[in-house]
Amino acid sequence: MPWFVKIETGIVEQSTFDQFVPAHKAFVQALIAKGHQAKSGYWGCRGGGMLLFQAASMAEAEAIVAEDPLIVNGCVQYQLYEWRIVVE
């Protein structure tokens with residue numbers, strides 16, 4: 001399955017963002033349970049992060065991202081890319 005990367009930038013106050021972190025973590029755990037090999041984290045300088053996961057297609061990746069609580073609740077702006085691995 002191809003890999004996809006959602007690169008995001010926070011657009012709300014930290015206190016608002018933090019309300020949705022537990023739901024985002026549960027969302028990522030559900031992706032892992034479904035076999036999407038998801039990994040999520042944030043930049044050391046704060047203000048953004050990344051979600052790395054596998055999906056069958058860009059359409060499926062877009063559908064997955066649309067369900068992320070950080071997106072649903074308007075906490076981040078994001079860009080979604082298919083990541084083509086050159087060296088493993």
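User: What makes strand 1 and strand 4 a pair?

Analyst: Happy to start there! In this predicted model, eight bridges join strand 1 (residues 3-10) to strand 4, and the two run antiparallel. Pairing calls for at least two bridges, so eight bridges make these strands a pair.

User: Why are strand 2 and strand 4 called edge strands?

Analyst: The four strands form an open sheet in the order 2-3-1-4, with antiparallel pairing. Strand 2 (39-42) and strand 4 (76-83) each pair on one side only. From one strand to the next, the twist averages 15°. Helix 3 (residues 58-66) packs on this sheet, where strand 1, strand 3 (48-54) and strand 4 are touched, and the helix direction makes about 155° with that of strand 4.

User: Why is Phe-53 called buried?

Analyst: Good one to check. Phe-53 lies in strand 3, and its relative accessibility is 0%. Buried means under 20%, so Phe-53 counts as buried. Beyond its neighbours within four places in sequence, Phe-53 is in contact with residues including Trp-3, Phe-4, Ala-61, Ile-64, Val-65 and Leu-80. Between Phe-53 and Val-65 the C-alpha to C-alpha distance is 10.0 Å, with the two 12 residues apart in sequence.

Notes: Residues numbered from 1 in each chain as written. Predicted model: local features only at pLDDT ≥ 70, side-chain atom pairs only at ≥ 80, totals over all residues. Heavy atoms only, no water. Axes fitted to C-alpha atoms, helices over the stretch in contact; angles between N-to-C directions. Contact = heavy atoms within 4.5 Å. Buried < 20%, exposed > 50% of the residue type's maximum accessible area, 1.4 Å probe, protein only.
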